[in-house]
Amino acid sequence: MDKINTVSTESNLSGLNKEDFQKDINNKKTDLFILKNAQGMEVAVTNYGCAILSIMVPDKNGKYANVILGHDSIDHVVNSPEPFLNTTIGRYGNRIAKGKFTLYGEEHNLTINNGPNSLHGGPTGFHARVWDAVQPDPTTVVFNYTSADGEEGFPGNLEVEMTYRLEDETNALVIEYRATTDKATVVNLTNHGFFNLAGIANPTPTVLNHIITINADHYTPIDEVSIPTGEILKVEGTPMDFRTPHTIGERIDDKFQQLVNGAGYDHCYVLNKTESGELSLAATYTEPESGRTMEVYTTENGVQLYTGNWLGGFAGAHGATFPARSAVCFEAQCFPDTPNKPHFPSAVLLPDDEYQQVTIYKFGVQE
């Protein structure tokens, strides 16, 4: 296994070049933005889909590596075999059954792009749009996008503002989302980060020996096309239980029907919350060899655990390759197919309200 410890340039640790990300796409300019904090953490992003390209953090020996599966040019981002790689997902993250939902008596038909379902806002969702971007300081970039009424079938003009910000006191990436609409709609935004705390490599190692916990007593089981059945089941006594630390690979191939349906973990966990909307710990993630850790905090009710089951070994930044199960995703979100499950917490946004979400990915090393 050949680790890809990226060669830094004069301007960044990740070895990415600004000119490789500057292009006109649909009459809008794409670019590279580098965020740095006082601790030495560095995050590289582009305004195409707000894709995260690299997250450079140290291991227990102070050695930096990129811990997210990224690309090294805008052409590779646009043409990625995994179109949702580390991007902002919208208007609706995860799946909506048969690409249909009814809102206040009106049926809306979405673009189908995942078997019989709509996935992650459709093929030209927020991940495939050029966002306006401003970098007010070295730690922060602010993205804006207006999603037109009817885009991919969703009602209402949606104004979205999203901020990526590094904390200076700790190695934490904070993602803040805000959105308003002029017509009743559904909104479920998330970031689809593909993390591997060992660092990307050729090939990138699997995450099967990596250890996670999830602060959830329940999850939403899925059918054979990954749509929630509508049940909310206890994790207790099943391979879905991560209330205490387990390696990802310990039970992933069990002949448990939910793992068969998802080809591994691809399930939404119902987070334990004292009150809805509170910012609280959702998950922890540890890579034993490097000692790197990540904590996920969110205001959302759910987090989708996805273990990169469909990654196909394609090439990424600096010659890295990304085989199946070489990453784990913690996608903070509403529950999947909520528009068709009235008993799930609502994803409806009305004109007089504002959608808000905060999710934090905090990196460290084992004590």
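Mentor: Two strands pair if DSSP finds at least two bridges between them. Helices (H or I, at least four residues) and strands (E, at least two) are DSSP runs, numbered from the N terminus. This is a predicted model, where local features need pLDDT of at least 70, side-chain atom pairs count only at pLDDT 80 or more, and totals for chains, interfaces and linings use all residues. Residues are numbered from 1 along each chain as its sequence is written, and side-chain values use heavy atoms, with hydrogens and water left out.

Trainee: Which residue stands opposite Y219 in strand 22?

Mentor: L233 does. Strand 21 (residues 216-220) and strand 22 run antiparallel and are joined by two bridges.

Trainee: In what order do the five strands of the open sheet come?

Mentor: The order is 22-21-24-27-30, with antiparallel pairing. Strand 22 (233-234) and strand 30 are the edge strands, each pairing on one side only.

Trainee: Why is strand 27 described as largely enclosed by the rest of the structure?

Mentor: Buried means under 20% relative accessible area, exposed over 50%, partly exposed in between (1.4 Å probe, protein chains only). Strand 27 (residues 302-306) is largely enclosed because five of its five residues are buried.

Trainee: Which residues of strand 27 lie on each side?

Mentor: In a regular strand the side chains alternate between the two faces of the sheet. Here G302, Q304 and Y306 are on one side, V303 and L305 on the other, and all are buried.
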